[in-house]
Amino acid sequence: MPELVFFSGTMDCGKSTLALQISHNRSARGLQGVIFTRDDRAGEGKLSSRLGLVTEAVEVTEGMDMYRYLVDRLSRGGKVDHVIVDEAQFLAPEQIDQLARVVDDLGLDVFAFGITTDFRTKLFPGSQRLIELADRIETLQVEALCWCGARATHNARTVDGEMVVEGAQVVVGDVNRPAEEVGYEVLCRRHHLRRMTRTSVRAGVLSPDVLPVTSV
């Protein structure tokens, strides 16, 4: 039976790499898929992995009807055996509904990849709808690590290396950006709650003592 499967995890846990692997494995068996993405780090119409792999994809725009796109493609004689959607957290809830309809009405497997919560620990609307509708939810087994070595469970947005908790929900960025740029860092819950990034911790370690000890 065709399924809507949601592969979730933090940033830097290999979601895009797995999406590319699934696409490769199925293509090697003669199956043709459509890859959708939105706001990929490599630019419009790209699906990229931090390992350096990149492939072409269909950029999902605001208001795009993904179900209609696939019906039109099939109506023109195109072959579609499955659908892969990366950065699914950025989709609107109604677009997730369209993906469920692709499974139910067109009989195609849909593999969606995305992070569940934003830098404020709030669910992305697209991810929330996937949790509500998916036939199966898979947590990726590759564990991203916090700077302390613990399993990273939260995504933090940073500006000048400092964690921020206000701003637009969607700001395209990536991990391992220079500290002076807007970027992201994965943290364990304890350090996310304390707003302790690797840059702020390093600055704290390097700070001089403010209460020098003097002999009497």
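Modeller: Let me begin with two words: a residue is buried under 20% relative accessible area and exposed over 50%, with partly exposed in between (1.4 Å probe, protein chains only). This is a predicted model, where local features need pLDDT of at least 70 and side-chain atom pairs count only at pLDDT 80 or more, while totals for chains, interfaces and linings use all residues. Residues are numbered from 1 along each chain as its sequence is written, and side-chain values use heavy atoms, leaving out hydrogens and water.

The protein chain has six helices and eleven strands (DSSP runs numbered from the N terminus, with helices being H or I of at least four residues and strands E of at least two). Of its 216 residues, 43% count as buried.

Which residues of α1 are buried? They are Lys 15, Ser 16, Ala 19, Leu 20, Ile 22 and Ser 23. These residues sit on the same side of α1 because they cover an arc of only 160° around the axis (the arc of the directions from the helix axis to the C-beta atoms). An α-helix has 3.6 residues a turn, so residues three or four places apart point the same way. Turned away from that buried side is a face of α1 with the exposed residues His 24 and Ala 28.

What do the buried residues pack against? Their partners are the strands β1 (4-8), β2 (33-37), β3 (46-48), β4 (54-56), β6 (82-85) and β7 (109-114).

Now look at either end of α1. After the helix comes Gly 30, with a positive phi near 80°. Neighbours within four places in sequence aside, Thr 10 is in contact (heavy atoms within 4.5 Å) with Lys 15, Ile 115, Ala 144, Ala 152, Thr 153, His 154, Asn 155 and Val 186. Lys 15 is also one of the buried residues of α1. Thr 10 and Leu 187 are 177 residues apart along the chain, yet their C-alpha atoms are separated by 9.3 Å. For the whole chain, among contacts between residues at least 6 apart in sequence, 72% join residues at least 24 apart.
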